[in-house]
Amino acid sequence: MADEEYVDYASVRDALIETQKRRGFLTYEQKMALQHAEWSASDLRNGYKTESKVFQEMYGMFLEMESISKYPAIAAKLAEVMPLNNDEVRAILQSRRIALDASEIELILDVIKQNIGAV
């Protein structure tokens, strides 16, 4: 299986806008994906915009955590969703049945809170 690459909504939005400029049109599915990516990358989704640079930094920081390093998809989801409380973090971790103690969850929240200011 090839290595998977995880990208943020802002990157998807930018790629679709570039495709539209280059080709002059988007398919229906691409238009729907663009609308979703624009909304998801905006501050309308969670109160702050997402940026590719911040996503990549947080993604890398999460992969450095021993408890998350085995789950790159979870690291990407945490970096994109940017949960701001324990319950939101646990909801994301639950999809892979990852159980972390309170100090590990606080570390995740600290990374997010430090990076929200960079957005």
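Q: In which hand does α5 pass α6 in a crossing?

A: The model considered here is predicted. In general, two packed helices are described by the angle between their axes and by the distance between those axes. In this case, α5 passes α6 in a right-handed crossing.

Q: At roughly what angle do the axes of α5 and helix α6 cross?

A: The axes of α5 and α6 (residues 86-94) cross at roughly 150° and come within 10 Å. Angles over 145 degrees count as roughly antiparallel, and α5 is therefore roughly antiparallel to α6.

Q: Which residues of α5 and α6 meet?

A: From α5, the residues I74, K77, L78 and V81 take part; they meet V89, I92 and L93 of α6. By class, this contact of α5 with α6 comprises 6 nonpolar residues, no polar residues and 1 charged residue.

Q: How is the largest pocket to be read, and which residues line it?

A: As a general idea, a probe the size of a water molecule is rolled over the atoms, and this shows where empty space is left. Here, the largest pocket holds about 160 Å³ of space. Its lining consists of Y6, V7, D8, Y9, V12, F55, A73, A76, K77 and E80. Two or more residues of this lining are given by each of α1 (9-23) and α5 (72-81).

Q: Which element gives the largest share of the lining of the largest pocket?

A: The largest share, 4 residues, comes from α5.

Notes:
Residues numbered from 1 in each chain as written. Predicted model: local features only at pLDDT ≥ 70, side-chain atom pairs only at ≥ 80, totals over all residues. Heavy atoms only, no water. 1 Å grid on protein atoms, 1.4 Å probe; cavity = no way out; pocket = protein on both sides within 12 Å on 5 of 7 lines; lining within 4 Å. Points joined across faces, edges and corners; volume = space filled by probe spheres on them. Axes fitted to C-alpha atoms, helices over the stretch in contact; angles between N-to-C directions. Parallel < 35°, antiparallel > 145°, perpendicular 65-115°, else oblique. Left-handed = near helix turned anticlockwise from the far one by under 90°. Contact = heavy atoms within 4.5 Å. Nonpolar A, V, L, I, M, F, W, Y, C, P; charged D, E, K, R; others polar.
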